[in-house]
Amino acid sequence: MTQAPERSQPHRVWPGGGMEEGESLRCLEMASRELLDRLRQGNRRGGHRRRIVHAEPDSEELRYLSAMRANANAGGPTLTHLVLRVDARKVEVLEEFLHGTQFRCGLLGRMNLIEAEIHVKRFMMRHCKLLGISPEDFDVIRRMLGTYR
Amino acid sequence: MNDRAEMTFRMAVVDVFKFSDGRTVFVGKIDSGEDAILLPGKCELSVGDLTTEIDIQPEMLSHVQQIDDRLRAVATSNNLSLPNNVSSGQITLRGRMRMRGHRDLVGIESPPREFVPDRMTLGPRLPEGWDGDSWTSPDESSCYLRAWNKATATYAIGRGNRYDEARAVLLDEIARGGRPVEISVRSAV
């Protein structure tokens with residue numbers, strides 16, 4: 001397990017317009033060290049904590065994310081083991097965290113993968129203020145949802 | 001078979017990963033489509049001619065960059081030592097799965113027991129206010145389309161040997177207003 005990287009400048013996402021073949025969407029705001037620490041610690045009673053691993057260069061975790069063309073992953077017996085890229089975005093961390101919540105609530109036994117991802121993205125959009133999602137990242141999530149149609 | 005019935009998935013493994021926390025992750029394609037929900041538990045791992053049983057965890061969920069041509073991934077914490085000279089194409093997993101969807105809906109006729117969800121169509125395109133799903137016989141020689149309208153509490157069924165036949169029957173019944181949803185309750189003392 002490694003420490004989160006220092007907060008860096010957001011990466012630029014291509015300017016407006018639809019998603020073209022071969023392009024990928026990524027949110028702007030980086031995951032802060034504070035957010036990752038909070039997820040590691042869990043709630044006040046230590047519940048709902050997450051194990052977080054950063055996919056370092058040459059690691060199997062990074063090779064896995066690349067093979068899946070993914071930026072983050074939730075796994076483990078209760079989907080509380082998160083694998084993140086070293087430049088993980090806040091929204092990616094929130095999404096993987098929420099997959100664990102979906103599992104705990106029993107939702108994943110009733111949804112296929114795509115439904116689970118749509119469900120979690122809609123949740124983030126509905127609760128964007130609570131989750132502190134910026135308008136720019138909200139727009140990226142909205143465009144991600146558009147790719148499922 | 002009801003909507004919670006378990007079936008078997010088969011994954012042709014294209015790559016294997018050994019995570020730093022000890023998990024072995026199998027990535028591959030399954031032959032049951034995107035509506036298959038892979039279930040955790042006992043799973044048969046075949047490597048060439050060798051077969052063993054492993055415990056797999058719930059399917060891994062990824063924040064993917066592209067959703068097309070999606071690979072599936074399951075992990076095990078079992079201590080595995082795969083032969084070095086084995087290629088990923090020789091590895092297969094067989095485990096429990098469930099198809100997403102509800103075969104039996106309250107007050108609405110259910111598809112024949114042997115029918116399975118039609119993954120190619122998922123649901124017919126329907127008029128405003130109607131939802132539906134699509135089922136097919138295992139040999140794909142018969143289609144069963146079902147649609148329902150919650151606002152008017154009506155439903156319609158379309159059957160046919162071909163999808164377009166069944167769809168035409170379904171849309172015709174919708175145009176005629178459909179059948180009323182009927183819920184009968186019997187009290188027992």
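Helices (H or I, at least four residues) and strands (E, at least two) are taken as DSSP runs, numbered from the N terminus. Residues are numbered from 1 along each chain as its sequence is written, while chains are lettered from A and ligands numbered from 1 in the order in which they are written. The model is predicted: local features need pLDDT of at least 70, side-chain atom pairs count only at pLDDT 80 or more, and totals for chains, interfaces and linings use all residues. For the complex, the predictor gives an ipTM of 0.83 and a pTM of 0.73.

Chain B contains twelve strands and one helix, in the sequence order β-β-β-β-β-β-β-β-β-β-β-α-β. Its mean pLDDT (the predictor's confidence in each residue, from 0 to 100) is 85, and 90% of the residues score at least 70. Confidence in chain B is highest in strand β6 (residues 72-76), at a mean of 96, and lowest in strand β8 (residues 116-117), at 74.

A residue is buried if 20 or more other C-beta atoms, placed from the backbone, lie within 10 Å of its own. Chain B has 189 residues, of which 33% count as buried. Contacts require C-beta atoms, placed from the backbone, within 7 Å; among those in chain B between residues at least 6 apart in sequence, 49% join residues at least 24 apart.

In chain A, helix α2 spans residues 60-68, with Glu61(A), Tyr64(A), Leu65(A) and Met68(A) buried. These residues lie on the same side of α2(A) because they cover an arc of only 95° around the axis, the arc being that of the directions from the helix axis to the C-beta atoms. An α-helix has 3.6 residues a turn, so residues three or four places apart point the same way. Just after α2(A), Arg69(A) adopts a positive phi of about 50°.

Definitions and conventions: A residue is buried if 20 or more other C-beta atoms lie within 10 Å of its own, exposed if 12 or fewer, and partly exposed in between; C-beta atoms are placed from the backbone. Two residues are in contact if their C-beta atoms, placed from the backbone, lie within 7 Å.
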